[in-house]
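Open the model in a viewer and keep the selection panel at hand. The stops below go from one selection to the next.

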Amino acid sequence: MPPTPQESPTDHAVPFPVLLNTWKHHAGWIRERITRAVSGGAAAVEALPAEMAVVGSRLMDLYTGPFTPVEIATRLADQLRAAGRFEYGPLSEWLRGQGEYSMLDLPDGSKWTVRLGPADGRYIHLHPGRWVPNTMRVNANTLKSAVMAHAHAGLVGGDPADLAIANEARRKYLGFLPVRELTGDAGLGAVIAVLG
């Protein structure tokens, strides 16, 4: 089956049974997706907000490190396999004993939460840990705004970190009110920088 428009070829190859929501949790994948949308022109950029519906409206942890989604999924699945916890039954039993989730480490210092998904699907649900190396905690609307600032800047030319460009993108594509500044450790300016 070919990748859907929001999936990159590498995202599509995340091995079953791993679930990793790249829109919410992978800055590198998001950068790649913005580039593909800009190369597709205005209609492709205008389609991004609908794709980002999976981001929701809450806080999330965004991985900013060097590993691709496939590398993350493969490395963590290999850890589970080596510990005898890769199959649904052993994983379910282990996570129940851990309080329904556990943490696994990657060599870049990032820590990944493992939760249980449905038995008949992608049951190894991964997302970055909170407040760990190579991650940042972001608000969903801030992430959406940063994505659209980059995409809009790519279409019209300019810097996504320019307040006027960012606000035009927020208004035009998301219907959001303007912001007064792009500051803060997890604010719009920081997320724009991470996606740059």
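How far apart should the ends of helix α9 (residues 163–174) be at 1.5 Å a residue, and how far apart are its end C-alpha atoms? The model is a predicted one, and the comparison is made on its coordinates. The twelve residues of α9 should span 16 Å, and the end C-alpha atoms are 16 Å apart, so the two values agree.

**Stop 1: helix α9**

Keep α9 selected and colour its buried residues: Ile165, Ala166, Asn167, Ala169, Arg170, Tyr173 and Leu174.

Next, go to the N-terminal end of α9, which is capped by Asp162. A side-chain oxygen of Asp162 lies 2.7 Å from the backbone nitrogen of Ala164. Beyond the other end, select Gly175, which follows α9 and has a positive phi near 70 degrees.

**Stop 2: Thr142 in α8**

Select Thr142, which is found in α8 (residues 140–156). Is Thr142 buried or exposed? With a relative accessible area of 16%, Thr142 falls under the 20% cut-off and is therefore buried.

Thr142 and Ile192 are 50 residues apart along the chain, and their C-alpha atoms are separated by 9.0 Å.

**Stop 3: helix α3 and its two faces**

Select α3 (residues 27–39), a helix of 13 residues. From its first C-alpha to its last, α3 reaches 19 Å, close to the 18 Å expected at 1.5 Å a residue.

Which residues of α3 are buried? They are Ala27, Trp29, Ile30, Arg33, Ile34 and Ala37. These residues cover an arc of only 155 degrees around the axis, which puts them on the same side of α3. Turn the view to the face directed away from that buried side, and the exposed residues Thr35 and Ser39 are there. Just after α3, Gly41 takes a positive phi of about 90 degrees.

A polar contact of 2.7 Å joins the side chain of Arg33 to that of Glu51. Glu51 is found in helix α5 (residues 48–51), and at 13% relative accessibility it counts as buried.

**Stop 4: aromatic pairs and a charge over a ring**

How many aromatic pairs does a search of the whole structure find? The search finds three. For one of them, select Trp23 and Trp29: their ring centres are 5.1 Å apart and their planes stand at 80 degrees, so the pair is edge-to-face. Both Trp23 and Trp29 are buried.

Now select Tyr63 and Trp112, which form a tilted aromatic pair with 5.2 Å from centre to centre and 55 degrees between the planes. Tyr63 lies in strand β2 (residues 59–63) and Trp112 in strand β4 (residues 111–116), so the pair ties together parts that are 49 residues apart in sequence. Tyr63 counts as buried at 0% relative accessibility, and Trp112 is buried with a relative accessible area of 0%.

Then select Arg81 and Phe86. The charged end of Arg81 sits over the ring of Phe86, 4.0 Å from its centre.

**Stop 5: backbone exceptions**

Most residues other than glycine have a negative phi, and most peptide bonds are trans. The remaining selections depart from this pattern.

Select the loop between β5 (124–128) and β6 (135–139), where Trp131 has its place. Trp131 is not a glycine, yet it has a positive phi of about 55 degrees. At 70% relative accessibility, Trp131 counts as exposed. Asn134 is found in the loop between β5 and β6 too. Asn134 has a positive phi of about 65 degrees although it is not a glycine, and at 27% relative accessibility it counts as partly exposed.

Finish at Pro17, in the loop between α1 (9–12) and β1 (18–19). Is the peptide bond from Phe16 to Pro17 cis or trans? That bond is cis, with omega near 15 degrees.

Definitions and conventions. Residues are numbered from 1 along each chain as its sequence is written. Side-chain values use heavy atoms; hydrogens and water are left out. Helices (H or I, at least four residues) and strands (E, at least two) are DSSP runs, numbered from the N terminus. Buried means under 20% relative accessible area, exposed over 50%, partly exposed in between (1.4 Å probe, protein chains only). The expected span of a helix is 1.5 Å times one less than its number of residues. The arc is that of the directions from the helix axis to the C-beta atoms. A polar contact is a pair of N or O atoms within 3.5 Å; within protein, one must be able to donate a hydrogen and the other to accept it, and residues adjacent in sequence count only if both atoms are side-chain atoms. Rings of Phe, Tyr and Trp (its six-membered ring) pair if their centres lie within 6.5 Å; planes under 30 degrees apart count as stacked, over 60 as edge-to-face and the rest as tilted. A charge sits over a ring if NZ of Lys or CZ of Arg is within 6 Å of the ring centre and within 35 degrees of the ring normal.
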